[in-house]
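Let's take a walk through this structure together, one stop at a time. Have the chain in view and follow along as each residue comes up.

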Amino acid sequence: IGANAGGGVASANVYDPDCFFCNDSTLHGGFGEIGGQAGYNWQFGHAVVGVEGDLNWQSFARTNVVAGNEVTKAKLDAFASLRLRAGLAFDRTLAYLTFGPAWGHANSVSTQFTDDSLTTIFDQAHDHRWHGGIAAGAGIQYMLAPNWAIRGEYLYLDFTDAVNFLVPTTQGRKDYAYSEQIARVG
């Protein structure tokens, strides 16, 4: 059982697959992350295998004005994963790889306005849901004392796309795709 904190870079791609407005948007930026994890490891000689789950809060939020009359706000506020870990232990140090399913919570919206004044809303697409995906990474862990360790970890997260209809028109759609790279200590 432990806690972690770190930061990363996220990418939110918002596509217009039907070319209803022909406005695609890509939002990139850094964020902070803090969370907790729990897991269990088994050691066989120098080989270590384990399983670990985590739940984390993050602060990725970006806004982009596209083509003068569309505002896209992308937000990722949480993620969780359930990962297998496998590595090699030498003395007090464990180097490991990790992989498994992940879920990221998005709270994004794309708003089309009637004109460039951005005052009257024409329609909107909302993406407020958990996206499934994968997590893969590597880390190094050092045992400070029995039952106490410190570690550094890199994770790459890639979440499945979600297509949402523009309302109230329902004539177009927005496709939201997210990915992240995270470095953290625990």
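This is a predicted model: local features need pLDDT of at least 70, side-chain atom pairs count only at pLDDT 80 or more; totals for chains, interfaces and linings use all residues.

You can find A89 in strand 4. Apart from residues up to four places away in sequence, A89 touches Q43, H46, V48 and L94.

Now look along the chain to H131. A89 and H131 are 42 residues apart in sequence, and their C-alpha atoms are separated by 34 Å. H131 is one of the contacts of Y178, with neighbours within four places left aside. Also among the residues that Y178 contacts are S11, A12, L76, D127 and F159.

Y178 brings us to the largest nonpolar core, a group of 20 residues. Which of them touch the most other members? They are A12, F60, L76, L157, F159, Y178 and I182. At least two residues of this core come from each of strands 1, 2, 4, 5, 6, 7 and 9. As general background, nonpolar side chains tend to be buried together in soluble globular proteins.

Our last stop is the largest pocket, which holds about 840 Å³ of space. Its lining is made of 30 residues, and the closest to the pocket's centre are N41, R85, Q141, W148 and A149. Strands 1 through 7 each give two or more residues to this lining, with strand 2 supplying the largest share, 6 residues. Sorted by class, the lining has 15 nonpolar, 10 polar and 5 charged residues.

Definitions and conventions. Residues are numbered from 1 along each chain as its sequence is written. Side-chain values use heavy atoms; hydrogens and water are left out. On a 1 Å grid over the protein atoms alone, a cavity is a set of points where a 1.4 Å probe fits but cannot get out, and a pocket is an open set with protein on both sides within 12 Å along at least five of seven lines; lining residues have an atom within 4 Å of a point. Grid points are joined across faces, edges and corners, and a volume is the space filled by probe spheres set on the points. Helices (H or I, at least four residues) and strands (E, at least two) are DSSP runs, numbered from the N terminus. Ala, Val, Leu, Ile, Met, Phe, Trp, Tyr, Cys and Pro count as nonpolar, Asp, Glu, Lys and Arg as charged, and the others, Gly among them, as polar. Contact means heavy atoms within 4.5 Å. A nonpolar core is a set of buried Ala, Val, Leu, Ile, Met, Phe, Trp, Tyr and Cys residues joined through side-chain atoms within 4.5 Å. Buried means under 20% relative accessible area, exposed over 50%, partly exposed in between (1.4 Å probe, protein chains only).
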